[in-house]
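Work through the exercises below with the sequence and the model in view. Try each task before reading its solution.

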Amino acid sequence: MTLNKQDLESPLALSAFPKQRIFYDEDGSIAREYGALGYDTESQQESFYPYWLILDPTLRVYAKGSIDQPAAFIKAMQTLPNPEHHVSQNIELWAPVLLVPRVLETGLCETLMHYYQEGQPEPSGFMRTVDGKTLELRDNSVKRRTDVNIDDETLQTALRQRIKSRLVPEIARAFQFQATRIERYIVACYDENDAGFFKEHRDNTTKGTAHRRFAISINLNSDDYDGGELWFPEYGNRKYKPPTGGAIVFSCSLMHAATPVTRGTRYVTLPFLYDDAAAKVREANNRFLGDGVEPYQCDD
């Protein structure tokens, strides 16, 4: 991380670090967050206190030292363990996720897949902040998936009832969170023909998505495809694939990815859960929604 924009083109800096690994901290917010930029009472102005810092995959501090101790930095880098073994050589990490089987019965899974096949799939986007507004963007290098919105009220009710009775109590027991609201009813499809995937991301990083508390991934046909697993890179290389009708539940603040489908077609339904307090946050953030993003009205 640098406060000097010239470092992005400096031959010395680029010889030490690839360009994509140099972060230009234009307003100093990252430096302040990490204590490298602070107010000096003697000079009565902000001063820069550079140091080196090594973070583990969960972005926690692994080692730290003064900028004038390059030998200590080099030694620390040379002795780093494999990222997936940063806890212990003998412990495989498990991300803080919940796997719940039998949320949807086989018949409902088949009905949802048929609904997708009879529908009009649209390329799936992702939310980003652009000029202070939450917009839905599309980029095949980031995400390759098609979605069908579930507009059928009978199917919506069937999904809602099963999530409420079979999933919400498990979330309350595991995470002490009482979900009361659902965002979006969709059937999504990742296909082998374009190696369907979704790169690493978080689900609550914009004003338009800040209300989301838990993401739900319910597989509809787990035995019919390879790849297409959930991965949480901050917690090792373990991949997660619930059985047909089963769900993986995780906090929307966790970084995660859907790995490329290598065989067959993955069908999945992907609701978000939140509560009444978050619903008020969602409504308050309507003013940050860009064109094409539907505003929300809290109904309580």
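**Exercise 1.** Which side chain of opposite charge is nearest to Asp275, and how far away is it?

Solution. The model is predicted, so local features need pLDDT of at least 70 and side-chain atom pairs count only at pLDDT 80 or more, while totals for chains, interfaces and linings use all residues. Residues are numbered from 1 along each chain as its sequence is written, and side-chain values use heavy atoms, with hydrogens and water left out.

Step 1: locate Asp275 in the loop between β21 (272-274) and α6 (276-284). Helices (H or I, at least four residues) and strands (E, at least two) are DSSP runs, numbered from the N terminus.

Step 2: look for the opposite charge. Lys and Arg count as positive and Asp and Glu as negative; His and the chain ends are not counted. The nearest such side chain is Arg213, 4.9 Å away.

Step 3: apply the cut-off. A salt bridge is a side-chain nitrogen of Lys or Arg within 4 Å of a carboxyl oxygen of Asp or Glu. Asp275 has no salt bridge, yet is buried. Buried means under 20% relative accessible area, exposed over 50%, and partly exposed in between (1.4 Å probe, protein chains only).

Step 4: list the contacts (heavy atoms within 4.5 Å). Apart from neighbours within four places in sequence, Asp275 is in contact with Phe177, Gln178, Thr180 and Arg181.

**Exercise 2.** Is Leu159 buried or exposed?

Solution. Step 1: find Leu159 in helix α5 (residues 153-175).

Step 1: read its relative accessible area. Leu159 counts as buried because this value is 3%.

Step 2: list what Leu159 touches. Not counting residues up to four places away in sequence, these are Leu104, Leu112, Ile150, Tyr185 and Thr269.

**Exercise 3.** In what order do the five strands of the open sheet lie?

Solution. Step 1: strands pair if DSSP finds at least two bridges between them. The order is β9-β13-β19-β16-β17, with antiparallel pairing.

Step 1: find the edges. These are β9 (143-144) and β17 (239-240), each pairing on one side only.

Step 2: inspect one pair. Strand β16 (residues 230-231) is joined to β19 (residues 256-258) by two bridges, and Trp231 stands opposite Ala257 in β19.

**Exercise 4.** Why does Gln117 count as partly exposed?

Solution. Gln117 lies in helix α4 (residues 106-118). Gln117 counts as partly exposed because its relative accessibility is 47%.
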